[in-house]
Amino acid sequence: MKLPREKYLGLLWGLVVGDCLGSPIQFTGKDAHPHITEMVPCKMFGTPPGYWTDDSSMAFCVAESFARLGRYDRADIARNFVRWIDEGFWSSLPNAFDIGGATALACREISQSGSLENGEESSQGNGSVMRLAPSYLMARALGRPEILHEVSDITHRSRRVRETVDRMAGVLDELFATGSTTAVSLYASRKECNNSGWCVSTVESALWALNSTTSFEDALVAAVNLGGDADSIGAVCGQLAGAKYGLSAIPDRWLAAIKDRDRIDDLFARFLAELSNSV
Ligand SMILES: [Mg+2]
């Protein structure tokens with residue numbers, strides 16, 4: 001089956017671009033950082049421009065599993081997460097970094113017991129929404145909506161996280177169906193936006209950035225400059241804006257700055273090819 005590649009690649013690349021753009025000002029106050037419009041080095045991790053963090057690494061782990069196996073395998077995805085933490089699999093550095101607390105605990109549990117459902121209701125970080133794109137595309141293309149919760153539950157077994165994944169997937173459904181969304185952010189202004197790593201505020205802040213701008217570039221600049229968990233707000237906004245505007249709307253200068261662009265292009269091509277074969 002022929003897939004809408006331009007929009008699907010916009011969703012996938014948007015995640016990576018938002019992560020790379022936002023990571024240099026991660027953990028800063030909302031107005032306590034330089035205004036970001038370009039890919040710049042990240043002092044905290046000592047990385048050059050265009051080096052992705054956990055958001056993209058975990059999304060690559062999901063996509064790589066499907067691309068390699070040609071089918072959805074939850075246990076294999078969980079093993080890829082552990083490979084990322086233990087071996088730096090699909091990290092932009094030789095080692096994994098920027099690892100979320102719930103994810104670190106989950107990977108230890110996966111290694112020790114093989115559990116595929118980890119975390120508690122209090123595990124309400126944004127780890128599942130920041131990496132959502134490949135899970136969303138599998139759920140959508142295969143007609144298996146349960147994949148959304150199953151991949152989320154590997155690290156964040158929480159009702160609230162599931163609800164937030166559903167909220168984001170609903171916005172993406174609408175964007176793919178109509179090119180726009182009627183969803184309204186809980187936040188009416190930049191001042192109201194919460195930039196913490198809470199799953200709910202990450203999606204709502206990203207939605208505010210999408211709805212208060214008219215281009216991919218402007219949406220991402222608005223999102224990451226909220227500071228705080230800037231890379232994950234950027235990764236979520238990048239997914240929404242990529243689904244809305246498509247790959248061609250992502251500035252070339254941002255894409256050109258991404259480390260290992262060809263390798264990522266190849267991974268996404270293999271992922272979408274297997275997805276196309278499966279539907
Ligand atoms: Mg990150």
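A residue is called buried here if 20 or more other C-beta atoms lie within 10 Å of its own, exposed if 12 or fewer do so, and partly exposed in between. The legends below describe close-up views of a predicted model.

**Figure 1. Overview of the predicted model, a protein with 13 helices and zero strands.** From the N terminus on, the elements run α-α-α-α-α-α-α-α-α-α-α-α-α. The radius of gyration is 17 Å, close to the 19 Å that the globule rule gives for 279 residues, so the protein is as compact as a globular protein of that length. Along its principal axes the C-alpha trace spans about 45 × 40 × 35 Å, and 53% of the 279 residues count as buried. Of the contacts in the protein with a separation of 6 or more, 73% come from residues 24 or more positions apart.

**Figure 2. Helix 8 and its buried face.** The buried residues of helix 8 are V161, T164, V165, M168, V171, L172 and L175. Seen down the axis of helix 8, these buried residues fall within an arc of 125°, so they line one face of the helix. An α-helix has 3.6 residues a turn, so residues three or four places apart point the same way. The face turned away from the buried side carries the exposed residues R159, E163, G170, A177 and T178. The cover over the buried residues of helix 8 includes helix 5 (127-130), helix 6, helix 7 (146-153), helix 9 (199-211) and helix 11 (230-245). At 1.5 Å a residue, the 20 residues of helix 8 should span 28 Å, and the end C-alpha atoms are 28 Å apart, which agrees. Just after helix 8, G179 takes a positive phi of about 85°.

**Figure 3. R162 in helix 8 (residues 159-178).** R162 counts as partly exposed because 17 C-beta neighbours lie inside 10 Å, a number that falls between the limit of 12 or fewer for exposed residues and that of 20 or more for buried ones. Leaving aside residues up to four places away in sequence, R162 touches H149 and S152. The C-alpha atoms of R162 and G119, which are 43 residues apart along the chain, are separated by 12 Å.

**Figure 4. Helix 6 and its contact with helix 2.** Nine of the eleven residues of helix 6 are buried, so this helix is largely enclosed by the rest of the structure. The buried residues in helix 6 are L132, A133, P134, S135, Y136, L137, M138, A139 and R140. The axes of helix 2 (residues 54-69) and helix 6 (residues 132-142) come within 7 Å and cross at roughly 35°. Helix 2 contributes A59, V62, A63 and F66 to the contact, while helix 6 contributes A133, P134, S135 and M138. The residues of this contact divide into seven nonpolar, one polar and no charged. Helix 6 is followed by G143, whose phi is positive, near 65°.

**Figure 5. Helix 13, with a buried face and an exposed face.** I264, L267, F268, F271, L272 and L275 are the buried residues of helix 13. Viewed down the axis of helix 13, the buried residues fall within an arc of 125°, so they line one face of the helix. The exposed residues D262, R263, D266 and N277 are carried on the face turned away from that buried side. Among the elements that cover the buried residues of helix 13 are helix 1 (5-22), helix 2 and helix 6. The 18 residues of helix 13 should span 26 Å at 1.5 Å a residue, and the end C-alpha atoms are 26 Å apart, which agrees.

**Figure 6. W90 and D260, two loop residues.** W90 is found in the loop between helix 3 (74-87) and helix 4 (101-113), and W90 has a positive phi of about 55° although it is not a glycine. With 23 other C-beta atoms within 10 Å, W90 is buried, because the cut-off for a buried residue is 20 or more. D260 is placed in the loop between helix 12 (252-256) and helix 13 (261-278), and the phi of D260 is near 55°, a positive value in a residue other than glycine. D260 has 14 C-beta neighbours inside 10 Å and therefore counts as partly exposed.

Notes
Residues numbered from 1 in each chain as written. Predicted model: local features only at pLDDT ≥ 70, side-chain atom pairs only at ≥ 80, totals over all residues. Helix = DSSP H or I, 4+ residues; strand = E, 2+ residues; numbered from the N terminus. Contact = placed C-beta atoms within 7 Å. Axes fitted to C-alpha atoms, helices over the stretch in contact; angles between N-to-C directions. Nonpolar A, V, L, I, M, F, W, Y, C, P; charged D, E, K, R; others polar. Expected span 1.5 Å × (residues − 1). Arc of directions from axis to C-beta. Rg over C-alpha atoms; globule rule 2.2 N^0.38 Å.
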